[in-house]
Amino acid sequence: MLALNSSHMPSLFHLAGLAGMEDAYKWISVPFCLMFLTSIGGNGLILIVITRDYRLHQPMYLFLSMLSVTDMLFSLITCPSVLTIFWFHIQRIRSDLCLLQMFFIHSLSVIESALLVAMAFDRFVAICHPLRYSSILTNSAVTNIGLASAIRGTVIHIAPVSSLTFLPYCKGNYLSHSYCLHQDVMKLACDGTNIFNIMYGLMVVLCTVTIDMFLIVLSYILIIKTMITITSEKARYKAFNTCISHLCAVFIFFVPMVALSMIHRFGTNVSHFLKASMANIYLLAPPMLNPIIYSIKSKQIRGGFYRTFSAVKVTTQQ
């Protein structure tokens with residue numbers, strides 16, 4: 001799928017660091033390293049807790065475990081590339097590795113978007129149709145939704161990533177970010193040769209991110225409509241409180257994504273520093289913040305942490 005045509009594509013791409021700040025790379029690497037460790041550690045802990053605690057074997061937390069796996073993969077695909085630049089000043093990447101990284105970044109992005117839709121649907125059913133919750137979101141239904149999300153995210157990016165290997169490149173091999181993105185590589189192709197990628201990219205955005213955002217907004221419109229009819233203020237607050245973590249996850253994922261996409265398509269005069277900052281926020285912030293948000297806002301997750309580590313402590317003492 002990712003075989004290269006050496007007569008078209010450069011053998012190496014040059015990744016971008018932070019221009020003018022090379023002397024401070026070691027200091028700049030500290031927050032990036034902390035973000036990476038927080039992402040891997042936080043999502044790993046949530047995954048362990050949900051796996052070990054049978055009380056969390058519910059659709060809401062099963063979707064959260066899928067989100068944690070996706071976020072861990074996000075960090076593993078992107079952070080080493082960034083840290084290699086900051087620690088060793090190595091900014092070149094082979095074209096095949098660049099395309100592979102690009103494929104996983106965009107696929108995982110679509111998968112995470114689909115999982116956020118699934119979590120919105122979970123909240124919609126739980127609040128609007130609580131008596132049918134267990135019959136609608138069965139274990140098999142949750143599994144099928146997870147598989148469908150993974151298949152959609154994987155299949156939809158095979159064509160645009162593969163097609164990049166057949167384009168003639170006339171604009172060098174310098175990229176705008178510390179990792180490979182489709183829009184970034186596509187801009188290096190000769191003018192008039194990347195119409196397919198432009199049109200396909202727009203179609204992907206319309207068929208994935210746009211539809212996913214619409215479904216999430218629709219879910220919350222229906223949720224708010226139902227909450228208005230709840231007479232008990234305590235019950236209304238309890239219902240809304242179960243949505244806060246998910247709303248935060250939606251916000252920190254979609255806002256940087258949309259902003260970065262707009263900058264790439266229309267921000268011709270935007271500074272390199274702003275582009276690099278938005279790309280880093282888009283790919284590195286959600287995997288780090290999601291486990292923190294769910295650990296703080298979800299009483300069930302906090303209880304799962306306590307029960308899991310209490311059981312580990314008892315086992316160790318015995």
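# Close-up views of a predicted model

**View 1. R123 and D122 pair through a salt bridge.** In this view, R123 bridges to D122, with 2.8 Å between the closest N and O atoms. A salt bridge here is a side-chain nitrogen of Lys or Arg within 4 Å of a carboxyl oxygen of Asp or Glu. R123 counts as buried at 8% relative accessibility, and D122 is buried too, with a relative accessible area of 1%. Buried stands for under 20% relative accessible area, exposed for over 50%, and partly exposed for what lies in between (1.4 Å probe, protein chains only). A search of the whole structure finds four salt bridges.

A word on the model: it is a predicted one, in which local features need pLDDT of at least 70, side-chain atom pairs count only at pLDDT 80 or more, and totals for chains, interfaces and linings use all residues. Residues are numbered from 1 along each chain as its sequence is written, and side-chain values use heavy atoms, with hydrogens and water left out.

**View 2. R152 and D212 link two helices.** The salt bridge between R152 and D212 has its closest N and O atoms 2.8 Å apart. Because R152 lies in helix α5 (residues 139–155) and D212 in helix α8 (residues 195–229), the pair ties together parts that are 60 residues apart in sequence. Helices (H or I, at least four residues) and strands (E, at least two) are DSSP runs, numbered from the N terminus. R152 is partly exposed at 25% relative accessibility, while D212 is buried at a relative accessible area of 3%.

**View 3. D96 and R94 meet side chain to side chain.** Their salt bridge spans 2.5 Å, N to O. D96 is partly exposed, its relative accessible area being 26%; R94 is also partly exposed, with 45%.

**View 4. H89 has a positive phi.** The phi of H89 is about 55°, although this residue is not a glycine. You will find H89 in the loop between α2 and β2 (92–94). With a relative accessible area of 45%, H89 is partly exposed.

View 5. S75 belongs to helix α2 (residues 59–88) and is buried, with a relative accessible area of 2%.

**View 6. S298 reaches the backbone of I301.** The side chain of S298 comes to 3.2 Å from the backbone nitrogen of I301. S298 sits in the loop between α10 (272–297) and α11, and is buried at a relative accessible area of 5%.

**View 7. Five residues form a positive surface patch.** The members are K234, K238, K297, K299 and R302. Patches are made of residues with over 30% relative accessible area and no salt bridge; like charges are joined within 9 Å, and nonpolar side chains (Val, Leu, Ile, Met, Phe, Trp, Tyr) within 5 Å. At least two residues of the positive patch come from each of α9 (233–266) and α11 (299–317). R302 is placed in helix α11 and counts as partly exposed at 40% relative accessibility.

Definitions and conventions:
Areas by Shrake-Rupley, 256 points an atom, 1.4 Å probe, with all protein chains shown as cover. Lys, Arg positive; Asp, Glu negative; His and termini not counted. Charge placed at Lys NZ, Arg CZ, Asp CG, Glu CD. Polar contact = N/O pair within 3.5 Å; in protein donor to acceptor, adjacent residues only side chain to side chain.
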